[in-house]
Amino acid sequence: MSRSLPPEIFDLIVDQLHYKPAALKACCLVSRSWIPRTRRHLFAHVEFDPVRHHFASWIRSFPDPSNSPAHHTHSLTIHRFPNGTTADTNVANYFRTFHNVVHLHFKFLYWTNHESPLVPFHGFSHRVRSLRLTHTSFEVFDLICSFPLLEDLEFVEFRPGSGTAEWSAPSTSPKLTGSLDLRSMGGIYLAIRRLLDFPDGLHFAGITASCFDGDFESLADLASRCSGTLEYLNLYCFSPGESPPAEFHDRSKPYRYSWT
Amino acid sequence: MSLDLSKATKLRDLMFRCRIPNIRWVATALQSIESKNLQQITIRLYPITPVDSIEEGDYRDLQELDRVLVQFWTSHSLRPRFVYAPEDGEKDTRDHLSRLLPELTRRGLVDVPL
């Protein structure tokens, strides 16, 4: 059937199915000629959870990295590198095939040893423009600096780890011209201190943050450092023992510059 | 606690969320603004004590906030939005607010979502 359709019409039809994974999977089974276009959407958003053996499953399905659909992925989520685990170098090399990733999300990364399991992932895609770090500890700042085009940065729930001690900032850092989200974050003072050490400065257009009144001066310092570029500011300052209202954490309703 | 926004000349959109008794920083930050591009100011106040038992210092801070926000409207032609989120079961909220924020209330700038 695809032969009877002009390719641009076929592409248009498949593109309309971009949010229906089941339909896209069915398309892959119709004809080999349908596969390239459907893969573009099917692998646009990929989520890996080592605990659920997602890596192994991916490598089993696509043993040859050069033929894998990784280059279609522009949104990648990586879960859980448990404390003390270093990412396997081969796995990290495999991740370099995800070189078109624009939106990157790391979740649940805690460790106490000095060697960050994220080192193999530094700069694996030079196209990364937004980075979300959920439930991570402080060793992530070298990772942040490894993405030269990074614009948007979001932290959710930091836990101070071994990285709260000394840190030598890399020689370069991304321009960070998009949005910074520091909502619901412990240790905001330390995180801001690291950000202020970035050698190429901070140029955020938007800041959304919540903090205890004791950390307010740090936040004010951060806003002041971005004053030349700052276009929107959304702050919530609260007292110890109090927490921001639920609506402040509702990320299904981003305030502005959402990162979808 | 102070936030100096005098050098943020590109600032367009501002939203501050605060809860009594931690509100003084809002008026201070607003007073420092010199941006000519400002298009929107939203203040959202979450009460921590019953609105009818606010202490004298907090009352003064609210009055100051009332004055600063009204000044934005009269001198910058910028209509600020003040949203007050009442506690569940809180009664006579509008009456209390008209006492705490007289000018904003009189000019219809206070929203109380029900």
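Colleague: Which residue is the bridge partner of A:Cys211 in β8(A)?

Modeller: The partner is A:Cys237. This is a predicted model, in which local features need pLDDT of at least 70, side-chain atom pairs count only at pLDDT 80 or more, and totals for chains, interfaces and linings use all residues. Residues are numbered from 1 along each chain as its sequence is written, while chains are lettered from A and ligands numbered from 1 in the order in which they are written.

Colleague: What makes β7(A) and β8(A) a pair?

Modeller: Two strands pair if DSSP finds at least two bridges between them. β7(A) and β8(A) are joined by 7 bridges and run parallel. The strands themselves are DSSP runs (E, at least two residues), as are the helices (H or I, at least four), and both are numbered from the N terminus.

Colleague: What kind of unit do β7(A), α8(A) and β8(A) make?

Modeller: They make a right-handed β-α-β unit. A crossover is called right-handed if, with the strands pointing away from the viewer, the path from the first strand over the helix to the second runs clockwise.

Colleague: Why is A:Asp181 called buried?

Modeller: A residue is buried if 20 or more other C-beta atoms, placed from the backbone, lie within 10 Å of its own, exposed if 12 or fewer, and partly exposed in between. A:Asp181 has 26 other C-beta atoms within 10 Å, so it is buried. This residue lies in strand β6 (residues 179-182) of chain A. Leaving aside neighbours within four places in sequence, A:Asp181 is in contact with A:Glu154, A:Phe155 and A:Thr208; contact means that the C-beta atoms, placed from the backbone, lie within 7 Å.

Colleague: Why are the buried residues of α8(A) said to line one face of the helix?

Modeller: In helix α8 (residues 216-225) of chain A, the buried residues are A:Phe216, A:Leu219, A:Ala220, A:Leu222 and A:Ala223. Seen down the axis of α8(A), they fall within an arc of 160°, so they line one face. The arc is that of the directions from the helix axis to the C-beta atoms. The buried residues of α8(A) pack against α7 (188-196), β7 (206-212) and β8 of chain A, together with α1 of chain B.

Colleague: What makes β8(A) mostly covered?

Modeller: Of its 7 residues, 7 are buried. A:Tyr232, A:Asn234, A:Tyr236 and A:Phe238 are on one side of β8(A), with A:Leu233, A:Leu235 and A:Cys237 on the other. In a regular strand the side chains alternate between the two faces of the sheet.

Colleague: With which strand of chain B does β8(A) pair?

Modeller: Strand β8 (residues 232-238) of chain A pairs with β1(B) in the parallel sense over 5 bridges. Within β1(B), B:Met15 is the bridge partner of A:Asn234.

Colleague: How many residues does each chain bring to the contact?

Modeller: Chain B brings 20 residues and chain A brings 22 residues. On the side of chain B that touches chain A, strand β1 (residues 13-19) of chain B gives the most, with 7 residues.

Colleague: How confident is the predictor in chain A, and where does pLDDT stay under 50?

Modeller: pLDDT is the predictor's confidence in each residue, from 0 to 100. The mean pLDDT of chain A is 81, and 77% of its residues reach 70 or more. Over residues 82-86 of chain A the pLDDT is below 50, and over residues 252-260 of chain A it stays under 50. Where pLDDT is low, the predicted coordinates should not be read in detail. For chain B the mean is 85, and the predictor gives the complex an ipTM of 0.89 and a pTM of 0.85.

Terms used
Two residues are in contact if their C-beta atoms, placed from the backbone, lie within 7 Å.
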